[in-house]
Each structure stands twice: as C-alpha cells, then as structure tokens.
Amino acid sequence: TGRVALDIGFVNTAACTSAITYIDGDAGILRYRGYPIDQLAGKASFVEVSYLLIYGELPTADQLAEFDSRLRRHTLLHEDLKQFFRGFPRDAHPMPVLSSAVSALSTFYQDSLDPFDERQVEISTLRLLAKLPTIAAYAYKKSVGQPFLYPDNSLGLTENFLRMTFGFPAEPYEVDPDLAAALDMLFVLHADHEQNCSTSTVRLVGSSQANLFASISAGINALFGPLHGGANQSVLEMLESIQREGGDIPSFVKRVKNKEPGVKLMGFGHRVYKNYDPRAAIVKQTADTVLDKLGGDNELLDLARQLEEIALSDDYFVERKLYPNVDFYTGLIYRAMGFPTRMFTVLFALGRLPGWIAQWREMINDPATKIGRPRQVYTGATERSFVPLSER
Ligand code: CMC
C-alpha cells in the first residue's frame with residue numbers, strides 16, 4: 001500500500017520467528033531452548049550450553065565429548081593472522097581488534113564461506129567458537145606488550161583462555177578451578193538473549209547472505225557500544241568516578257535524574273526486563289562469593305550495593321521500572337579476576353558468540369528469511385530544482 005509503520009528502535013516490531021531463546025520481561029524469565037537460565041547456570045558448562053543453543057538439544061555425554069574434542073582441534077590461529085595484532089597501536093581497545101581479527105578469518109578460510117553449504121557452516125562454527133578465545137587473549141597480550149601463548153589443547157575452552165591471557169610462555173600456569181568455573185558460568189549467562197542489538201545486527205548482515213565471519217564481526221562491533229555490551233566497562237568507570245569524587249552517591253543520582261548529558265546509571269534498565277533481570281540476580285550472588293575468594297575491591301562493591309539500594313527506592317527509577325541488568329555487577333567480578341576494564345566487553349563477546357552463531361544459522365535455514373530492509377518515513381525537502389554551482 002506504500003504505508004509504513006514507524007517504530008524507532010524496534011520497540012514492538014518482531015523481525016523474525018525464533019525457537020532459541022524465550023524472555024518474559026515482566027516475569028523476569030529467560031530460557032535457552034526451554035531451559036530456565038537458573039537451571040543452566042552453574043550446572044551446564046559453557047561448551048554444553050553452546051551445543052544446546054546451536055543444535056537445539058542438550059548433548060549426551062558422547063556428543064559433548066565429540067564436540068569438545070573437535071573444538072580443541074581448532075584453537076590455533078594461522079601464523080599470518082598473528083601478524084595482524086602487531087599492526088595495531090599499543091593502546092588499541094581490544095574490541096575493534098577482536099572484530100578486525102574475526103573479519104580477517106574470512107580471508108584465511110575461503111573454503112568455508114558458503115552460507116548454504118551445511119558442511120562449510122559447520123566448520124566455520126567450530127573455527128569461530130575455538131578461535132575467538134585465542135583472538136581475545138592475543139588482543140589482551142598485545143595491549144600489555146606480552147608474548148602470545150599457543151593454546152594448550154589439553155585444557156577446556158575457558159581454562160585455555162585464562163592460561164593464554166594470564167600465563168607466560170616459559171612458566172607453568174595453574175588455572176584456578178574456582179575462577180575458571182565462575183568465568184564459565186558468566187559465559188553461560190551471556191550466551192544468548194534473543195533479538196538484542198548485536199544479534200539483530202548479525203541477522204541483518206547475514207540476511208544479505210554475507211558469510212558467518214563477516215556477520216559475527218559486525219555483531220562484535222554492535223556489542224561494543226556503551227548502551228549494549230560496552231555497559232560493563234562503563235559501570236566500572238562510573239563507580240570509579242563516584243569513588244574519586246568522595247563516594248557521594250546522592251549527588252550522582254541527582255545528576256542522573258536531571259538527565260545531564262551523558263550521565264546515566266549504567267548497568268540499570270533494559271528494553272525487555274521491566275521487573276528484574278534474572279541474570280543480574282545470579283551475577284550478584286557470584287560477585288559475593290568470587291570477591292570473597294579473590295579479594296576484589298570491596299570498597300567498589302559496597303559502593304555498587306549502596307547505589308543499587310538508593311536507586312531501587314527512588315521514584316525516578318521505580319516509575320520507569322529500571323532495575324540492575326546483567327552488566328551491573330559483572331565488571332566487579334572481572335576486575336577481581338584480574339582483567340583490565342577494557343577487556344570486559346571482550347568477555348561479553350566470548351559469551352555471546354554461540355548465541356550469535358545459533359541465530360545466524362536459524363536465519364539462514366529459515367525459508368521465510370528475506371534480506372533485512374527497513375523502511376523509513378521521509379522528512380526531507382520536497383522536490384526542488386538544481387541550481388548550478390556558479391549561481392549558488
Ligand atoms: N539511567 C537513567 N535513566 C534511564 C536509564 C538509566 N540507565 N535507562 C533508562 N532510563 C530512563 C530514560 O531516560 C527514559 O526516561 P524518560 O521516560 O523520562 O524519557 C526511561 O528510563 C525509559 O528508557 P528508554 O531509554 O526509553 O529505554 P530503552 O528500552 O530504549 O533503553 C537501555 C534500554 C538498556 C538502553 C537503557 O536502559 C540504558 O541506556 N541503560 C544503561 C546502559 C546499560 O546498562 N546497558 C546494558 C543493557 S543489558 C546488557 C546488554 O544488552 O548489553
């Protein structure tokens with residue numbers, strides 16, 4: 001008819017059907033393939049949950065062992081790809097380093113770019129899942145000027161990532177099992193979240209039949225923004241700045257409520273959750289136990305707790321249904337684990353990867369898929385006549 005509905009930010013427009021993740025924002029429910037998040041977190045490993053998201057069912061012990069061993073065969077980066085890291089400036093943020101390296105994967109694996117060849121999609125899936133932790137660890141090593149470590153395939157995905165990040169070539173690195181378990185659980189909490197900004201980006205780019213690496217690289221860039229995955233970095237920076245200014249929470253909250261440009265309560269609010277974010281509840285518990293064990297910055301944790309308490313009893317936040325989201329406490333845990341602030345969003349990307357892949361594969365296999373092509377409501381000039389340069 002030529003008529004279009006305007007829905008800025010896709011607040012109530014669905015762009016696909018999906019059988020992967022279910023969210024009920026009013027009830028605070030999140031399920032992967034039907035399984036409630038609180039039943040998966042701490043019980044199923046990240047590799048197991050990746051399998052669930054991508055293939056639709058929990059793996060049997062044999063299926064999991066097979067999947068895990070296939071992943072372990074793909075952890076190495078091509079030596080030429082390693083050269084890329086040298087080209088970035090020393091102070092490069094690791095997120096664009098990550099997305100650039102993922103984009104570059106499509107130059108190294110030109111044998112597996114056809115989105116309609118199942119075997120090729122399968123090998124790209126394994127390559128991505130196995131190599132992203134190596135790329136992430138190298139992005140970190142680059143930023144601190146330390147040598148890269150080759151993956152140790154006797155280790156599982158999360159342990160291997162920790163070793164490549166914090167280990168040194170000539171020294172043995174003992175992976176702390178509690179730390180690895182906590183990080184693995186945080187990856188599970190981030191593994192999918194239906195049609196969020198980065199996932200929609202992955203689907204939109206993929207809908208043009210761009211390859212999986214190109215689509216995931218775009219998703220990583222979408223995740224980088226502070227309103228999305230970048231929020232975990234912003235939360236910590238916000239807490240530190242409140243701390244620097246003497247811990248005056250009420251005056252910070254006042255600035256938020258006055259809507260001072262650029263001042264938001266980061267880690268609060270969500271497009272879909274209007275009650276509580278079930279991931280945040282689990283993260284908050286984890287923060288207590290991890291920080292107790294690792295001896296994190298208790299002053300910042302106390303500040304976060306007070307900030308949460310004050311916000312939750314303030315009309316501004318209550319009326320707008322603003323609650324802590326997954327990012328509110330994760331940064332404190334990552335910091336206690338030894339990650340610099342700039343790595344926080346990279347950790348989010350590692351966790352979200354299986355969700356992006358599962359959604360891309362669902363999109364490509366769905367006969368109803370069309371190229372994503374939103375319409376617009378034009379507000380520019382009506383027709384006018386061209387004026388030659390000499391007459392302007
Ligand atoms: N601090 C202060 N005010 C807020 C906040 C906040 N964090 N979030 C929303 N509001 C206000 C907003 O100003 C608006 O007020 P008003 O009705 O007076 O104009 C009202 O609440 C509704 O907000 P909105 O911007 O229409 O909500 P949205 O659904 O478009 O945005 C959001 C959702 C997550 C982008 C937003 O809440 C936000 O910017 N939060 C801070 C960033 C953040 O923590 N992001 C992580 C999200 S969870 C993990 C992820 O997906 O990456």
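**Two domain centres**

Start with the spacing: the centres of domain 1 and domain 2, taken over C-alpha atoms, are 26 Å apart. This is a predicted model, in which local features need pLDDT of at least 70, side-chain atom pairs count only at pLDDT 80 or more, and totals for chains, interfaces and linings use all residues. Residues are numbered from 1 along each chain as its sequence is written.

Now colour the domains. Select 26–222 + 341–365 for domain 1. Select 231–337 for domain 2. These bounds come from an automatic or database domain assignment.

**Where the domains touch**

Show the contacts between the two domains. Here 22 residues of domain 1 meet 21 residues of domain 2. Contact means that the C-beta atoms of two residues, placed from the backbone, lie within 7 Å.

Which elements supply at least two residues each of the side of domain 1 that touches domain 2? Select β2 (29–32), α1 (37–40), α8 (177–190) and α17 (344–365). Helices (H or I, at least four residues) and strands (E, at least two) are DSSP runs, numbered from the N terminus.

Stay on α8. This helix gives eight residues, the largest share of that side of domain 1. Ala, Val, Leu, Ile, Met, Phe, Trp, Tyr, Cys and Pro count as nonpolar; Asp, Glu, Lys and Arg count as charged; the others, Gly among them, count as polar.

Zoom to His270. It sits in the loop between α12 (249–257) and α13 (278–294). Is His270 buried or exposed? His270 is buried, because 22 other C-beta atoms lie within 10 Å. The cut-offs are 20 or more for buried, 12 or fewer for exposed, and partly exposed in between, with C-beta atoms placed from the backbone. Leaving aside neighbours within four places in sequence, His270 contacts Asp277 and Asn325.

Move to Asp327, in helix α16 (residues 327–337). Asp327 counts as buried because it has 29 C-beta neighbours inside 10 Å. Beyond neighbours within four places in sequence, its contacts are Ala231, Asn232, Val235 and Gly267.

**Around the ligand**

Finish at the ligand. Of the 20 residues around it, select the nearest: Ala231, Lys264, Gly269, Arg271 and Asn325. The shell divides into eight nonpolar, eight polar and four charged residues.

How values were computed: Near = placed C-beta within 6 Å.
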